[in-house]
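Student: Could you help me learn to read a protein model, one feature at a time?
Tutor: Gladly; let's look together.

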Number of protein chains: 2
Amino acid sequence: MEFLSGVKEKETLELGELLKKDRIGQEVKVNGFVHTIRDMGEVAFVVLRKREGLLQCVLEEGTAGISEKDLREEQTVEVTGLLEEDERAPHGIELRIREVQVLSSPSEPLPLPVSKWKLSTSLEAKLNYRSASLRNVRERAKFRIQEGITRGFRDFLYSQGFTEIHTPKIGAKGAEGGSNMFRLEYFHHPAVLAQSPQFYKQMMVGVFDRVFETAPVFRAEKHNTKRHLNEYTSLDFEMGYIDSFEDIMAMETGFLQYTMKLLQEDYAEELRILGVTLPKTDRIPQVRFDKAKELVSEKYNRKIRNPFDLEPEEEALIGRYFKEEYDADFVFVTHYPSKKRPFYAMDDPEDTRYTLSFDLLFHGLEITTGGQRIHEYQMLSEKIAARGMEEEGMDQYLAAFKYGMPPHGGLGIGLERLTMKLIGEDNVREATLFPRDLSRLEP
Amino acid sequence: MEFLSGVKEKETLELGELLKKDRIGQEVKVNGFVHTIRDMGEVAFVVLRKREGLLQCVLEEGTAGISEKDLREEQTVEVTGLLEEDERAPHGIELRIREVQVLSSPSEPLPLPVSKWKLSTSLEAKLNYRSASLRNVRERAKFRIQEGITRGFRDFLYSQGFTEIHTPKIGAKGAEGGSNMFRLEYFHHPAVLAQSPQFYKQMMVGVFDRVFETAPVFRAEKHNTKRHLNEYTSLDFEMGYIDSFEDIMAMETGFLQYTMKLLQEDYAEELRILGVTLPKTDRIPQVRFDKAKELVSEKYNRKIRNPFDLEPEEEALIGRYFKEEYDADFVFVTHYPSKKRPFYAMDDPEDTRYTLSFDLLFHGLEITTGGQRIHEYQMLSEKIAARGMEEEGMDQYLAAFKYGMPPHGGLGIGLERLTMKLIGEDNVREATLFPRDLSRLEP
């Protein structure tokens, strides 16, 4: 009988291993995509694309049993050679090729100039040729940063006593009412796709106190803007026993601080590739919704058209105001009008036209919506009635409050928006592997 | 201007903090649900349910400004008191109450005996009253174990150079053909819900070499068995530059080993609560599909009805065989028949009726399907044609192979099934927060 006993060490080395000093002067084996081939006459520079970065290899004609003419871009190869230092090469190392084994060969050339430093094709082309465009070193680096954000979110929340949950995406009824939901038939029953894990995460506060989920959400919104997606990854948390809704903002600030540190430590190469300067998170200003409107109205001489609404242009100006006045990259805007928040939002007892809620703006774009929730059944039931809504289909959600719930609140962060702003892009599709929007369902 | 500068230390303490020796004899503040109240005449034992476990508090009549009669189960409270050692209490500590503040009160009693050690109600009742049943200490412990598995999966794969990806769940076409998919209308276009991230994770091998995703998948299968769900969490990975499909099984073995260690270290309390003995993962036997059928046929005197199919009963017997003969909890069954595998599976060059693929059985239940994939466009295209399938709608998937792809393979693990087997349950719904099946779309 044969047995598996775990991961065996690979003969082939990754870039991190090659960069250890004691490898220089040794024969090593590596694999990768042939990224570029530059013919210099008697030698050719063959740059391999590996997951951690590029590796320059030197092929001398007649020494490796293979000719430069046998090699093509986007082949995958296994190369054996002598590792040498060379200041001019990426990462300061170079491989003198002794042997090349071709693992696979493409049957068509790439449709985009993937090996260029900046892939200066249109967004449309990048999205249409996703299997190609993401092979560009800068393009893929964006999604390494995105990984770092998700990882930071989870690891920070684990350290704060949160439990990870998985809630269903197909349901009988949505959390925020009937509009903007994708509908489907579920074994002859009408069903919808979840536009947020709101109801479930609140129910789970009664079980685990603090919960989070990182999962897709679905919004059938007919917006086709640079900041909207119809499917995106939502970083959600919900926490019990809060003293005030500031606890939620403090937790988000903690997450951002933790994550910027993680990016600096573990994703430094990707930050360098993308030329990213990380935003300041040591102290994040908070300002009331109505006050914020006033401030930008005064400073930028802009009329307040609707005191209960915040237009995207106003959000951008609030971002600008706090950058100019406080050198702040983020700003919490608090006390949103009750009308603009879902029924479960806790109204401010001091002025019930407003709620104990907030948005977090990052350079003037909303990347988070959160706040304190109603935790008493009676109050919740009254607010549902006052809005003319039905309790039908919310049985187990409402039951959680009947059985008792601690004061609590939480938030949802749009992962792609946060990534977009962090890497300095202005279209959320640039920070989405396979975006879904009004006109895009493929690839 | 006010600023947020991160998480402030809470005044209230969690169980882990209370168990530090220097807290004994001190006044501390804690919060939690009132789990049980036991009236002993002059004193009452009020047990709090906190996220890390139970805490016994002692209320002496007339000393805390509150009477036992003012307290009710499922209130949430903040309690101040003197922490003392008491061997008879859970975790060996007890709190002498000095002050109680009621944070919230239920408006209805729990419909299930949640504070009992074992919630001996029917599965139906547990699922119908999810907001209540999960408050049971044993019920919720299952999902802490589930968290540990997901966490182990991610952390192990990060350490092995994998990149996390987020792929769309709404698409124009599915990975495994047209059946068993939920259909929906996407802005007047027909769309389906993803039954696996297969196409996307393969495409991303050409970008990141090694990728993983932990996300929901959707299967419109009309099975209503103990082991089927119509929505579940799939732990998927895909890796490039494999030497053989054994590399994939070795990686999964490594994940299992890492995760068992993580559970032992960080989830010991939950393992204790559930009475779980962790399975052996040091060496996992592998056996060919046809050989496995022979072995159980001989030993258990069972006729082989179809040499190209594995019935659930046969899987169970394979599990039993390897437990009896090798004391193995897991077994890799390899070389599944080509007919039973999707078009992208790599056929065994030595006998093309079989594939370089595997299932992992855990105590006789399939919890993983994986294998090597075809990586050359020509071969893939021929297999698609031979199966009478259309290439339409798979453009970017197929393009990845035209542009060149390394030899690769991967797997998908059903998180709920793995959790179920680990905690010794026999219905996958016991290991699902909010199951979705043929007859269940709520809560």
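Tutor: We will talk about how two chains meet, and then about one residue.

Tutor: This is a predicted model, where local features need pLDDT of at least 70, side-chain atom pairs count only at pLDDT 80 or more, and totals for chains, interfaces and linings use all residues. Residues are numbered from 1 along each chain as its sequence is written, chains are lettered from A in the order in which they are written, and side-chain values use heavy atoms, leaving out hydrogens and water.

Student: What is the area buried between chain B and chain A?

Tutor: The size of an interface is often given as the accessible area lost when the parts come together. Buried area is that loss, taken with a 1.4 Å probe and summed over both parts. Here it is about 10600 Å², with carbon and sulfur atoms giving 60%. In chain B, Leu4(B), Tyr241(B) and Tyr403(B) lose the most area to chain A, together 9% of what that side buries.

Student: How many salt bridges are there between chain B and chain A?

Tutor: A salt bridge puts a side-chain nitrogen of Lys or Arg within 4 Å of a carboxyl oxygen of Asp or Glu. The count between these chains is four. Lys402(A) and Glu108(B) form a salt bridge through their side chains, at 3.9 Å from N to O.

Student: Is Thr368(B) buried or exposed?

Tutor: Buried means under 20% relative accessible area, and exposed over 50%, with partly exposed in between (1.4 Å probe, protein chains only). Thr368(B) has 0% relative accessibility, so this residue counts as buried.

Terms used
Buried area = accessible area lost by both parts, 1.4 Å probe.
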